[in-house]
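Please read it with the model in view.

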Amino acid sequence: MSTVAHHHRNRYPLARVTAVHGAYPVGVGIDEFAGFTGLHPDLVRRYVTLGLLEPDTDRAGGLWFGTAHVTRVARIQRLRAGLGLNYAALAVVLDLLDRIEQLEAALAGRHPDIDATHGR
């Protein structure tokens, strides 16, 4: 299976993410995910415990990760390295960045006539 990377640029250089599509099947276990991201499985578990990653779980309690988790880990690593944020600060910044993305997506979906009506 070949890896195809699609690069997405945004206005937050320390939080830039690269979405990876087709790199592995959706839903890999913790060991494969850790190997793919270059993290130790214990660090992945810590991220889950702290709420920085929210994987799916199976009935046995196994953790399953998808491609969105890869981009999340990349963002975490850049924020830790670039800004030296601790885990609590990381959670706040990640929540804010997620909210900004949601708001930008909502604004992108607005109709131009609605903006003109509201004087924007």
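The expected span of a helix is 1.5 Å times one less than its number of residues. Helix H3, with 17 residues, reaches 24 Å from its first C-alpha to its last, close to the 24 Å expected at 1.5 Å a residue. Helices here are DSSP runs (H or I, at least four residues), numbered from the N terminus. The model is predicted, and local features need pLDDT of at least 70, while side-chain atom pairs count only at pLDDT 80 or more and totals for chains, interfaces and linings use all residues. Residues are numbered from 1 along each chain as its sequence is written, and side-chain values use heavy atoms, without hydrogens and water.

Just after H3, Gly 84 has a positive phi of about 65 degrees.

| Pair | Angle | Axes apart |
|---|---|---|
| H1 (residues 30-37) and H3 (residues 67-83) | about 50 degrees | 11 Å |
| H3 and H4 (residues 87-108) | about 125 degrees | 11 Å |

H3 is therefore oblique to H4. The contact (heavy atoms within 4.5 Å) involves, among others, Arg 72, Ile 76 and Leu 79 of H3 and Leu 90, Leu 94 and Asp 98 of H4. The residues of this contact comprise seven nonpolar, no polar and five charged.

Conventions
Axes are lines fitted to C-alpha atoms, for helices over the stretch in contact, and angles run from 0 to 180 degrees between N-to-C directions. Helices (H or I, at least four residues) and strands (E, at least two) are DSSP runs, numbered from the N terminus. Angles under 35 degrees count as roughly parallel, over 145 as roughly antiparallel, 65 to 115 as roughly perpendicular and the rest as oblique. Ala, Val, Leu, Ile, Met, Phe, Trp, Tyr, Cys and Pro count as nonpolar, Asp, Glu, Lys and Arg as charged, and the others, Gly among them, as polar.
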